Amino acid sequence: MSRSNWKGSSGFEAVNDPTGVLDRMCLQASTGMYQRCEEYLIQEIGTSNTFNKNHYNILFDFAISADEDFNGSLAIIARAGNYTAVATKPVMAQNCYIVNITKTKIEIFRRINNVSRSLVTSKVRFNFFPNIKYNVSLKCYGNTSVGATYLQLYINGQLLTSLIDSSGLQITTGVPGFGVWNGSVYLNNFVVMELDSSGFAV
């Protein structure tokens, strides 16, 4: 995935894979202690076309290194937009859905005007074993303010949590992304597949 396809808000870097389970070069998503960084896909992967899909499936592989004690979280982001000013660091989407994965729970947030509200908390214990490759899939679809937005998180093909947001505060447009809090995660093979408004592949 080309650096130019991304907003460049995170400072994440390509590195040689320290886990031995990804494809040699991978993206190191890393932050300092108790810090959060997020990155957003603003162009279709491998092109210069602005990303303008609203229903999609975000897929990527990730791992953590046995050389690092990971006690943070990995976030998968959908329908991100309305960013802070470039002069503000780190740049963050003011509006988005966030699926946050820690060792003790998986939680779905809706962030509006930079205020995040927890919508679903799943007490699924996810252990983040080091030097193991995990495959993530987050489906996001449904696009009208009078209908619902659907989110479904799968890891290694298993549905771990989901959300139907019919609150009237649904976020209906925006780009995909990911983020990390308090640690380092290594990612590869980031793909976004277009869906229709019912969640079926286009």
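Are arginine 111 and glutamate 38 buried or exposed? Both residues are buried, where buried stands for under 20% relative accessible area, exposed for over 50%, and partly exposed for anything in between (1.4 Å probe, protein chains only). The model behind this is a predicted one, in which local features need pLDDT of at least 70, side-chain atom pairs count only at pLDDT 80 or more, and totals for chains, interfaces and linings use all residues. Residues are numbered from 1 along each chain as its sequence is written, and side-chain values use heavy atoms, with hydrogens and water left out.

Side chains of opposite charge can pair when their charged atoms come close. Taking a salt bridge as a side-chain nitrogen of Lys or Arg within 4 Å of a carboxyl oxygen of Asp or Glu, the count comes to four. One of them joins arginine 111 to glutamate 38, with the closest N and O atoms 2.7 Å apart. Arginine 111 sits in strand S7 (residues 106-112) and glutamate 38 in strand S3 (residues 36-40), so this pair ties together parts that are 73 residues apart in sequence. Strands here are DSSP runs (E, at least two residues), numbered from the N terminus.

Another salt bridge links lysine 53 and glutamate 194, whose closest N and O atoms are 3.8 Å apart. Lysine 53 belongs to the loop between S3 and strand S4 (56-63), while glutamate 194 is in strand S13 (residues 184-194), so parts 141 residues apart in sequence get tied together. Lysine 53 is partly exposed at 27% relative accessible area, and glutamate 194 is partly exposed at 36%.

Then there is lysine 105, which pairs with glutamate 107 at 3.4 Å between the closest N and O atoms. Lysine 105 is partly exposed, at 28%, whereas glutamate 107 is buried, at 11%.

Note on methods: Helices (H or I, at least four residues) and strands (E, at least two) are DSSP runs, numbered from the N terminus.
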